[in-house]
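Please read this briefing alongside the structure shown below. The notes are grouped by topic for a reader who is new to the model.

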Amino acid sequence: MSWTWSFFLSFNDTHFFAFPQPVHAGAGPTGLTLALWLTRLGVPVRIFDKATGPGETSRALAVQARTLEFHRQIGIVEDILAEGIRLERLTLHTPAGVAARLPLSDFGRGISPYSFAFALPQDIHERVLITHLERAGVEVERGTELVAFQDKGDAVIATLSRNGKTETVSAAYLAGCDGARSTVRHGLNIGFPGGTYEQAFYVADVKGTGNVTRNGMDTTISTYGFAIVMPVRQSGSLRLIGIVPKAHEADETISFEAIRADVERDTGVTVEEVNWFSTYRVHHRVAERFRAGRVFLVGDAGHIHSPAGGQGMNTGMGDAVNLAWKLGAVVQGRADPRLLDSYEPERIAFAHKLIESTDKVFRFITNRSRLVGLFRRYVMPKVMNIGLHTSFGSRAFFGVISQTAIEYRAGPISSGMAGKVSGGDRLPYVAGNVMGAGGDNFEPLRSLDWQVHVYGEVNCDFRAMLAPTGIAVYLFAWTDAAGKAGLQRDAAYLVRPDGHVALASPVQEAAAFQRYLAGLAIRPRTAERAPYRVPGTMHSLA
């Protein structure tokens, strides 16, 4: 049987094609997100994974609010939330006792519909994504490896190996989401500069007892280190994370029993059963490029960094969303191929910023200087306790940790400013009655399509002149919440399929929007639009 391939993608030693009709699929968080978004966008995919089965360990735990917002757009967020744990409190311990208790259950109120900290083991997260792919008719092909590829200019020729047999395929694009040892990155000969932190870390999933915050996170800060305890699964398992004791750092093999006494002392947990234990050294690297011709790097293939703040998996999934809607538009002829040029500058800039910020935090919390250690033990808890109990402090902390503060203002497809919102910013979240009881302005983003938002009143000429573009115009009643979010009354905001503002205009000037859309040859996905709604709620005017 022969096929005409649209494009080929790979991730986490997983590789997949998009065809004119559905074939098979699979993988890890980054690749699964890319596959699922493409599937929702109507791009059929076939996914290959080098591993013989999905992961069975918890690995990454933190699922940030921005990731949950993306999951909402494709209709899977409720299934994700049902599987995980909402973290209600961060408790800071020192050897002298509890130093601070910080609220996490609603510390992002008004910023996101998911204003809480959330934990879900990576293996369960992957299973939910795979389940939704299977419901869409996409299944996993395992044990298949990318052997070689070549960008021919008008296509990518790739060789796959499975059970000793090879297959040569032709595709329009190749996306490598195949991890830190990326075959795709090596094949492109793209540098991966950075380094490795000197401290070794342990991570363990255990059953145990101790003075542990229910549905919360416990962090112990000492003069010479730190340890974290948090729930892993709804069944009661605990995740323990900390620095390997200095006396064992040079050991060729480190067992849990060798450091048990130190772990139990630092975490306050008496371990009854060890389900998983590993030690590792943390790397911090960003690839020199995220794109070469028809080939893209996504997730850990392009950047790896410290686990500070639980950013890694979420950043990879953010890469996937950014690339997915752009690939979908170009492959389906709804945008000029130049749209793909924006992927690298947007995501590589954030990767560098993330490396810089997590590096500073990581070096601070692992610094073994006695002076820094004393500050960390005695001063830092008090500063955090004061700061995070204020509205400004908690919102600022949430914005950074949750990835809702990610912006592409300097990106090539961002333009204008209205109110406090610039092109490239994530669309500010407005809760309340903007769409009727319990609604919000994120609801239209489920369309995965370009749209215009106006908060206040819409000009009839503006609406009429935009009508030929087919882009939906959503009118929201002006509220105090919209003003507090930074939006400007009666301004117009062109919103991208990923929920970021492309063009912000303080006036409803249709010509500016027409020029923007024409510049990238942007066309909407569908002609069908939401019905006109009762005045005072939300209207779709296209």
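Tyr173 counts as buried in this predicted model, because its relative accessibility of 8% falls under the 20% cut-off. Tyr173 lies in the loop between strand E11 (165-171) and strand E12 (174-177), and ring pairs link Tyr173 with Phe290, Phe296 and Tyr343 into a cluster. The points below take up the aromatic rings, a pair of helices, and several single residues.

**Aromatic rings**

- The structure holds 17 aromatic pairs, and one of them is formed by Phe116 and Phe118, whose rings are edge-to-face at 6.4 Å centre to centre, with 70° between the planes.
- Phe116 counts as buried because its relative accessibility is 8%, and Phe118 is buried with a relative accessible area of 3%.
- Tyr173 and Phe296 form an aromatic pair that is tilted, with 6.2 Å from centre to centre and 45° between the planes.
- This pair links distant parts of the chain, since Phe296 belongs to strand E19 (residues 295-297) and is 123 residues apart from Tyr173.
- Phe296 has a relative accessible area of 0%, so Phe296 is buried.

**Helices H1 and H4**

- The axes of helix H1 (residues 29-40) and helix H4 (residues 122-135) come within 10 Å and cross at roughly 25°, which means that H1 is roughly parallel to H4, as the angle is under 35 degrees.
- The crossing in which H1 passes H4 is left-handed.
- On the side of H1, the residues in this contact are Pro29, Leu32, Thr33, Ala35, Leu36, Thr39 and Arg40, and they meet Gln122, Glu126, Leu129, Ile130, His132 and Leu133 in H4.

**Helix H10 and the residue after it**

- Within helix H10 (residues 391-401), Gly393, Ser394, Phe398 and Gly399 are buried.
- Just after H10, Gln403 takes a positive phi of about 70°.

**His305, a buried residue in a loop**

- His305 is placed in the loop between strand E20 (303-304) and helix H7 (312-331), and it counts as buried because its relative accessibility is 12%.
- When residues up to four places away in sequence are not counted, His305 touches Val282, His283, His284, Gln311, Gly312, Thr315, Leu354, Ile355 and Thr358.

**Tyr455, a buried residue in a strand**

- Tyr455 is found in strand E23 (residues 451-455), and with a relative accessibility of 0% it counts as buried.
- Leaving aside neighbours within four places in sequence, Tyr455 is in contact with Leu427, Asn441, Phe476, Trp478, Ala482, Leu487, Gln488, Arg489, Asp490, Ala491 and Tyr493.
- One of these partners is Ala491, which is 36 residues apart from Tyr455 in sequence and 6.9 Å apart in space, C-alpha to C-alpha.

**Arg265, an exposed residue in a helix**

- Arg265 is found in helix H6 (residues 256-267), and Arg265 is exposed because its relative accessible area is 57%, which is over the 50% cut-off.
- Arg265 and Ala227 are 38 residues apart in sequence, while their C-alpha atoms are 9.8 Å apart in space.

Technical notes
Residues numbered from 1 in each chain as written. Predicted model: local features only at pLDDT ≥ 70, side-chain atom pairs only at ≥ 80, totals over all residues. Heavy atoms only, no water. Axes fitted to C-alpha atoms, helices over the stretch in contact; angles between N-to-C directions. Helix = DSSP H or I, 4+ residues; strand = E, 2+ residues; numbered from the N terminus. Parallel < 35°, antiparallel > 145°, perpendicular 65-115°, else oblique. Left-handed = near helix turned anticlockwise from the far one by under 90°. Contact = heavy atoms within 4.5 Å. Buried < 20%, exposed > 50% of the residue type's maximum accessible area, 1.4 Å probe, protein only. Phe/Tyr/Trp six-rings, centres within 6.5 Å; stacked < 30°, edge-to-face > 60°.
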